[in-house]
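These are my notebook entries on a single chain, written while I looked things up in its coordinates.

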Amino acid sequence: MDIFAAIADERRHLADQLADLTPEQQSTQSLCVAWTVHDVLAHLTMPLDVSMPRFALAMLLAGGNFDRANRRLTRRQAARPFNDVGD
């Protein structure tokens, strides 16, 4: 199987699972202590929405700290309404 096709299938499956979540479910604490379900979705889709130049800028602003840049970009993505994340 083509790896990109498999990834696309997984993303569609995840989107189907998340499509009917209530606002309460979206704001539920995830297994990642600092993040809700909404935040995790933002984290998973962030690489699809953030350009390389924007990521490079985030890395510079984070002093080269990948985790700090990732958290900042994820927080920005998560500020969007749940149904707009990843669009």
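Entry 1, Val37. The model I am reading is a predicted one, and I began with the accessibility of Val37, which has a relative accessible area of 22% and is therefore partly exposed, since buried would require a value under 20%. I placed Val37 in helix α3, and then listed what Val37 touches when residues up to four places away in sequence are not counted: Leu18, Leu21, Gln25, Gln26, Thr28 and Ser30. I also checked one distance, and found that the C-alpha atoms of Val37 and Met59 are separated by 25 Å, the two residues being 22 apart along the chain.

For the extent of the C-alpha trace along its principal axes I wrote down about 40 × 35 × 20 Å. Of the 87 residues in the chain, buried ones make up 26%. When I took the contacts with a separation of 6 or more, I found that residues 24 or more positions apart account for 48% of them.

Two packed helices are described by the angle between their axes and the distance between the axes, and I looked up both. The axes of α4, which covers residues 52-61, and of α5, which covers residues 66-78, come within 8 Å and cross at roughly 125 degrees. I recorded the crossing of α4 past α5 as right-handed. On the α4 side I listed Arg54, Phe55, Ala58, Met59 and Leu61, and these meet Phe66, Ala69, Arg72, Leu73, Arg76 and Gln77 of α5. Sorted by type, the residues of this contact divide into seven nonpolar, one polar and three charged.

Is Gln77 buried or exposed? I found Gln77 in helix α5, and its relative accessibility of 3% means that Gln77 counts as buried. Leaving out residues up to four places away in sequence, I noted that Gln77 touches Ala42, Thr45, Met46, Asp49, Arg54 and Val85.

In one, Asp9 pairs with Arg12, and the closest N and O atoms are 2.5 Å apart. Asp9 and Arg12 are three residues apart in helix α1, residues 3-18, and so are separated by about one helical turn. Both ends came out as partly exposed, with 36% relative accessible area for Asp9 and 48% relative accessibility for Arg12.

The side chains of Asp49 and Arg80 also meet in a salt bridge, at 3.3 Å from N to O. This pair links distant parts of the chain, since Asp49 belongs to helix α3, residues 37-49, and Arg80 to the segment after α5, 31 residues apart. I read 25% relative accessibility for Asp49, which counts as partly exposed, and a relative accessible area of 26% for Arg80, which is partly exposed too.

Conventions
Residues numbered from 1 in each chain as written. Predicted model: local features only at pLDDT ≥ 70, side-chain atom pairs only at ≥ 80, totals over all residues. Heavy atoms only, no water. Axes fitted to C-alpha atoms, helices over the stretch in contact; angles between N-to-C directions. Helix = DSSP H or I, 4+ residues; strand = E, 2+ residues; numbered from the N terminus. Left-handed = near helix turned anticlockwise from the far one by under 90°. Contact = heavy atoms within 4.5 Å. Nonpolar A, V, L, I, M, F, W, Y, C, P; charged D, E, K, R; others polar. Buried < 20%, exposed > 50% of the residue type's maximum accessible area, 1.4 Å probe, protein only. Salt bridge = Lys/Arg side-chain N within 4 Å of Asp/Glu carboxyl O.
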